Amino acid sequence: MRRAETVIRATDVVLPAIEIVDFRVERAPGLSVIDNIADLAFCGAVVLGANPRRLDQIDIRRVKGEISRNGTKELEDETSAVLGNPVTAVAWLANKLGEFGTSFEPGDTILTGSFVRVLPIEADDEFVCRFDQGLGEVSTSFV
């Protein structure tokens, strides 16, 4: 069983990121966790930031972030919204994968889960995500 301590020792760095959600099923009332899992958690792509931090440089449980769309702040929260600690999410996933005879490999990039809700996008939208504790910002735009 993987514990948080194992995850911490195995983690080289953390990076800020924007997950680009890709719904391949029609969004409708009643969209359930089963639909989410069947659709590979709706992950279409990810944009990684360029300010890596080691876990001894930050308090991973308390990283605050905000998302702006076209210059207007839309959302803000902190990483504790991910199972109380993103490290917990990685330990859970490692244990679940182990049940199926698979594991993470050195160098794998792991998304721990978002701590803000999904925002819809439109053509020409530009998103900027800012993170504290030296993680900086990540941006992307859609044409």
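F127 counts as buried because its relative accessibility is 7%; buried means under 20% relative accessible area, exposed over 50%, partly exposed in between, with a 1.4 Å probe and protein chains only. This is a predicted model, in which local features need pLDDT of at least 70 and side-chain atom pairs count only at pLDDT 80 or more, while totals for chains, interfaces and linings use all residues. Residues are numbered from 1 along each chain as its sequence is written, and side-chain values use heavy atoms, with hydrogens and water left out.

R69 is placed in strand β3 (residues 64-69); strands (E, at least two residues) and helices (H or I, at least four) are DSSP runs numbered from the N terminus. At 15% relative accessibility R69 is also buried. Beyond its neighbours within four places in sequence, R69 is in contact with residues including L119, D125 and F127, contact meaning heavy atoms within 4.5 Å.

The structure holds 2 aromatic pairs. Rings of Phe, Tyr and Trp (its six-membered ring) pair if their centres lie within 6.5 Å; planes under 30 degrees apart are stacked, over 60 edge-to-face, and the rest tilted. F115 and F131 form an edge-to-face pair, 6.3 Å centre to centre with 75° between the planes. F115 lies in the loop between α3 and β5 (126-131) and F131 in strand β5, so this pair ties together parts 16 residues apart in sequence. The ring centres of F127 and F142 are 6.0 Å apart and their planes at 80°, so that pair is edge-to-face. F142 is buried, with a relative accessible area of 18%.
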